[in-house]
Amino acid sequence: MKNTLRQEISYLMSSKTLLVGVLLLMLLLIFGAFQAKMTQTSSVMQFKETQKMYNSEQEFENDLHHPYSLSQSTNGQDQVDTSIENSARYSYESLIISNNQMSLLGFPKFFLKYSGLIFLPIISGLLGIFLATYDYKSATYKRKLNTNSWQEILIGKYLAITSVLFISLVFVTLISFVIGALSVHFIEKIDVSKYDSLFEIHHSLFDLASLELTIFLMNGITAVIWFTLSLIIKSNVISIVLFLLYNLVLPNFGKYDFKNGMMNVFSSVGKDVITQPVPMLQIPSLEAWGILTVYVLLALGIGWGIFCTKTRFTL
């Protein structure tokens, strides 16, 4: 297995796949930093505009001591209208949240919430598809089977997926720490010190670690499932088209849909999910994990069975 793992890592490096992955992650981090800055600037403007709506500072401060509420309704054009009751409190909390997003611990959590449900799983799924199909494309499965069993080949590929995803998450975390530490110098200043006791955000390494562990498992599950399915499909083009179609185009098919399980698992640690592909049907977190586990076991069982059968005849 060590030999097959080295082979997979070596190919990922020589084929520039790892380099492309690093560039994609850097682009996501840069875009995330840009989004955090734009959100903070927008929150400052919103807070100032809300203050102007009040006749006096005392009236504005009185509303800050009361919670806000959101209500949504559908208009005649099937569009959702959102109304806010107590815009003072809403704009104040939005400002505090956006300020905290531009900090050492705040930006990593913001980035992972922003990219952890769509962008990172897509990159992970593409990694799984690539590792499953490149040997078909280059016709090297037969050569590998001369020196390794099919179990060693597949386990080596699974270990390569796990290793790359883990190193990628460490890389993203370290770079986001740097961005977060630097971003505090770009916060648009506004004095809200007299309101600080009304709403506070506390960051902890435990919360960040829980979020990262969940994202690592979600990315691993996505990569493993699409790796195994791609072993059956054999074509990287068809696998990628089906993967993107399912994740970005098709709707949520119900609470037992894989996407719905992913969104429920992520929302349990991501709290306010910043981006999600489709509307989520709420289910208990334990049930969501159970759904993902069933999908993984089914994919592994079917994929391994078919691949094992094929190696007896032809690839």
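**Exercise 1.** In this predicted model, is phenylalanine 130 buried, partly exposed or exposed? Then work out how its ring and the ring of tyrosine 134 are arranged.

*Solution.* 
1. Start with the accessible area: phenylalanine 130 has a relative value of 24%. Buried means under 20% and exposed means over 50%, so phenylalanine 130 counts as partly exposed.
2. Now try tyrosine 134. Its relative accessible area is 7%, so tyrosine 134 is buried.
3. Find them on the chain: both sit in helix α6 (residues 119-137), 4 residues apart, or about one turn of the helix.

**Exercise 2.** How do helices α5 and α9 pack?

*Solution.* 
1. Grab the numbers: α5 (residues 106-115) and α9 (residues 205-233) meet at an angle of about 25°, with axes 10 Å apart.
2. Angles under 35 degrees count as roughly parallel, so α5 and α9 are roughly parallel to each other.
3. See who touches: α5 brings Pro108, Lys109, Leu112 and Lys113, while α9 brings Asp207, Leu208, Leu211, Glu212 and Ile215.
4. Sort that contact by class and you get 5 nonpolar, no polar and 4 charged residues.

**Exercise 3.** Where is serine 239, and which residues does it touch?

*Solution.* 
1. Serine 239 belongs to helix α10 (residues 236-248).
2. Its relative accessible area is 0%, so serine 239 is buried.
3. Skipping residues up to four places away in sequence, serine 239 touches Ile129, Trp226, Ser230 and Ile233.

Technical notes. Residues are numbered from 1 along each chain as its sequence is written. This is a predicted model: local features need pLDDT of at least 70, side-chain atom pairs count only at pLDDT 80 or more; totals for chains, interfaces and linings use all residues. Side-chain values use heavy atoms; hydrogens and water are left out. Axes are lines fitted to C-alpha atoms, for helices over the stretch in contact, and angles run from 0 to 180 degrees between N-to-C directions. Helices (H or I, at least four residues) and strands (E, at least two) are DSSP runs, numbered from the N terminus. Angles under 35 degrees count as roughly parallel, over 145 as roughly antiparallel, 65 to 115 as roughly perpendicular and the rest as oblique. Contact means heavy atoms within 4.5 Å. Ala, Val, Leu, Ile, Met, Phe, Trp, Tyr, Cys and Pro count as nonpolar, Asp, Glu, Lys and Arg as charged, and the others, Gly among them, as polar. Buried means under 20% relative accessible area, exposed over 50%, partly exposed in between (1.4 Å probe, protein chains only). Rings of Phe, Tyr and Trp (its six-membered ring) pair if their centres lie within 6.5 Å; planes under 30 degrees apart count as stacked, over 60 as edge-to-face and the rest as tilted.
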